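Reader: I'm new to this one. Could you show me how to read it, bit by bit?

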There are 4 protein chains.
Amino acid sequence: MGTESEDVGAATKRVRILHAAREVCARRGYDGARMEEIASAARVSKGTLYNFFENKEDLFLNAVLESYERARRLLRAETRAPGGPAERLEGICAAMAKAIPIISEEMPVNFQIWGVMARDEKARQRMFEALRRIYAEQADEIQSILREGQQAGVFAAHFDPEAIVTAIHGIFDGQIYRSAFDPENANSTRLGAALEALLRHAVLPKRARLGESADG
Amino acid sequence: MGTESEDVGAATKRVRILHAAREVCARRGYDGARMEEIASAARVSKGTLYNFFENKEDLFLNAVLESYERARRLLRAETRAPGGPAERLEGICAAMAKAIPIISEEMPVNFQIWGVMARDEKARQRMFEALRRIYAEQADEIQSILREGQQAGVFAAHFDPEAIVTAIHGIFDGQIYRSAFDPENANSTRLGAALEALLRHAVLPKRARLGESADG
Amino acid sequence: MGTESEDVGAATKRVRILHAAREVCARRGYDGARMEEIASAARVSKGTLYNFFENKEDLFLNAVLESYERARRLLRAETRAPGGPAERLEGICAAMAKAIPIISEEMPVNFQIWGVMARDEKARQRMFEALRRIYAEQADEIQSILREGQQAGVFAAHFDPEAIVTAIHGIFDGQIYRSAFDPENANSTRLGAALEALLRHAVLPKRARLGESADG
Amino acid sequence: MGTESEDVGAATKRVRILHAAREVCARRGYDGARMEEIASAARVSKGTLYNFFENKEDLFLNAVLESYERARRLLRAETRAPGGPAERLEGICAAMAKAIPIISEEMPVNFQIWGVMARDEKARQRMFEALRRIYAEQADEIQSILREGQQAGVFAAHFDPEAIVTAIHGIFDGQIYRSAFDPENANSTRLGAALEALLRHAVLPKRARLGESADG
DNA sequence: AATGAATGAGTATTCATTCAT
DNA sequence: TATGAATGAATACTCATTCAT
């Protein structure tokens, strides 16, 4: 008895600290985020911070990794859905559109931590490796959908899947990057429009495109 | 007498300091970059730093702005070149491809400074405003080329210029963003391939597209 | 039932802690000796330390007192032996020679603790009082032997017992003091040679001295 | 102009800091001696402390070395005086007697620092090496006086110079050591009496000793 | 304008101690 | 009694900034 609630308590405490760290960092910046304030925001003592994390840097490294992990779950959610290539591709684009505002909101803090980790080669590697893994995972998924669609004849035959993946990812990353300094022009609508244009003109089959042109 | 050479000397000194600041920041990170070391790298004394810049933050704000200014010049170089819409669009894409490695190299330092400026709303606004201006400038340029091309009938009629601009910019931004953590997969070649696919399928006229399909 | 073994257990535990404290202090220095590590070296928990001692300072005060007590036992062992003044004096000198390496080994830790107790007048007094008691005890013993020997005519008549006691103690203390920084030149052999010279020339009767000179 | 007074100022500042460090350490103990308070006692800022010394440990290491250097000067003063062996030996003993109260007063602080340096092998070696040098220097001086005196026939022929040097040094060290915990019984008078007894009985020639016994 | 010695505000981190179990 | 997670007081040290020269 009590063990469960204790385990939950421990898990909760760790997550409480990570979120408190992000929250204070968002308000004050990395350097301005005093451990004291983070502890207080997480409703633990300063010493407890150091029972969970080696030091400030380690705390924020883990805060970033946890943010990535949430992003990964967000992006994979609809990728594994059933359906034909077109439906699944649309699912991925929809997931991206849904993820953009959430990820964008976390980027200012993440960018800060990227900067701080610049000094620690090892931490930086670990942080970026996690990020690359998410991208590679998703790129593979998209590319196999594109190939599958081409073979099944539901996608146009003449595009280069790798270039299209780069374009899709680029459009997505671009919105995230831009949201940091130009939130007005970085949003789900713009992302959706750009992706739709890319898919309509480059990926969808000629019939669709002819239909289009017939409309014009 | 001597004023000219002194002005040149002053200009040179200012730039020397800005570059020294970037260089030390790249090696040590923002916090690790001591004014002492920057001064020494710029071959001036610590006190001289404060004759050119208000304080450390101001120094780095200016270092970022100078980096942006160089990027702006890089990107505009071929935009203003003469020629038809197709040539000018290709010129812009070529300029982007050429700019990517230079800008990418400067991003780690810029990201650091973004983080630092988080605390100073005013500095951040000034920094981001400069960045937005570059983007707006270029977006306008591209969009007018696209419209001009559509009206002249040298581009396909049915794409949405705004969506295409977003896509082009997105692909470009995406490479810059990604280069920070995944340099292997962010380079001019990838950028070129993605842009080419976008333009070929969405922007170039049907003839070209039909030609394509004739090739297949 | 079990009380005895528990008492023994408690006694053992207390001594284990005191020795662990000395051992860790020898390795890490007083400040570097964490209660955690002492507890671990004594195979008890941190909390248990506080069941035996008020606090860190109290623990180390007791560690020093225990060291003194052992030194006292070592030095008194042969003092109370039977025999004439000469034999008993020799016994004392032999005990000193035997004690030197043991005491010397403990001095580095003791010196550390002296320093720490500087802040706590009361603790320092208690610690130094114990040390003075050992010295006074032994000084009395030696002086009474010297007087007894003079009255019995087995020692030379013209030395000042108090000065000789000071000299004997000084030579002993000097070796202990010096062993802290110059172990090469502080050892039983040197102590023995110096004490022998003192006794031969100053304490033993003329006959011996004449015999000596006859040898020369 | 001004350079001299500046040099003096710099020298003075360093010495002011060293003395302030000793003074605060004597009052509060090593750990209790806050850098802030030392700076304030030396009438400089905290930062200036670190312009002169690497860190707290280095500051106190230098404080001890400077104390040794003063002791060395004190002890050598009369050693180099002219005169026969007997006069010079008396001069050394007189210097010791004069040095005792000064050195004794500094020992509590020095002992503390010995303890602190226990953790830093290198600092400890440097500190103890300086101390050993003083002792070796003086031991050589005394021994050569003793040998010279024996050869000249002004000292007794039958003592072992090395043992006598050990005894003299021992008596001296013993007083210093003892002064730390038993100042009542460690003073110049006691030192003088013990040294006199040693010299009278062991070093001075038989004539003197016979004269003595004639007095008795 | 240039210098660099002096300043002192500001904070991460440690670890002795407590106390609920 | 024993445990060890949680606490928070306490402080060495750095380095941006100033200003007398």
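Author: Let's start with a helix pair: in α7(A), A:Ile164, A:Ala167, A:Ile168, A:Ile171, A:Phe172 and A:Gln175 meet A:Arg190, A:Leu191, A:Ala194, A:Leu195, A:Leu198, A:Leu199, A:Ala202 and A:Val203 of α8(A) (contact means heavy atoms within 4.5 Å). By class, this contact has 12 nonpolar, one polar and one charged residues. This is a predicted model, where local features need pLDDT of at least 70 and side-chain atom pairs 80 or more, while totals for chains, interfaces and linings use all residues. Residues count from 1 along each chain as written, chains are lettered from A and ligands numbered from 1 in written order, and side-chain values use heavy atoms, without hydrogens and water.

Reader: At what angle do the axes of α7 and α8 of chain A cross?

Author: Two packed helices are described by the angle and the distance between their axes. Here the axes of α7 (residues 161-179) and α8 (residues 188-203) of chain A come within 10 Å and cross at roughly 170 degrees. So α7(A) is roughly antiparallel to α8(A) (angles over 145 degrees count as that).

Reader: And which residues are closest to DNA strand F?

Author: A residue is near a strand if one of its heavy atoms lies within 4 Å of it. DNA strand F is surrounded by 27 residues, and the closest are A:Lys13, A:Thr48, C:Lys13, C:Ser45 and D:Lys46.

Reader: How far is the side chain of C:Lys13 from a phosphate oxygen?

Author: An N or O atom of that side chain is 2.5 Å from a phosphate oxygen of DNA strand F.

Key:
A polar contact is a pair of N or O atoms within 3.5 Å; within protein, one must be able to donate a hydrogen and the other to accept it, and residues adjacent in sequence count only if both atoms are side-chain atoms. Axes are lines fitted to C-alpha atoms, for helices over the stretch in contact, and angles run from 0 to 180 degrees between N-to-C directions. Helices (H or I, at least four residues) and strands (E, at least two) are DSSP runs, numbered from the N terminus. Angles under 35 degrees count as roughly parallel, over 145 as roughly antiparallel, 65 to 115 as roughly perpendicular and the rest as oblique. Ala, Val, Leu, Ile, Met, Phe, Trp, Tyr, Cys and Pro count as nonpolar, Asp, Glu, Lys and Arg as charged, and the others, Gly among them, as polar.
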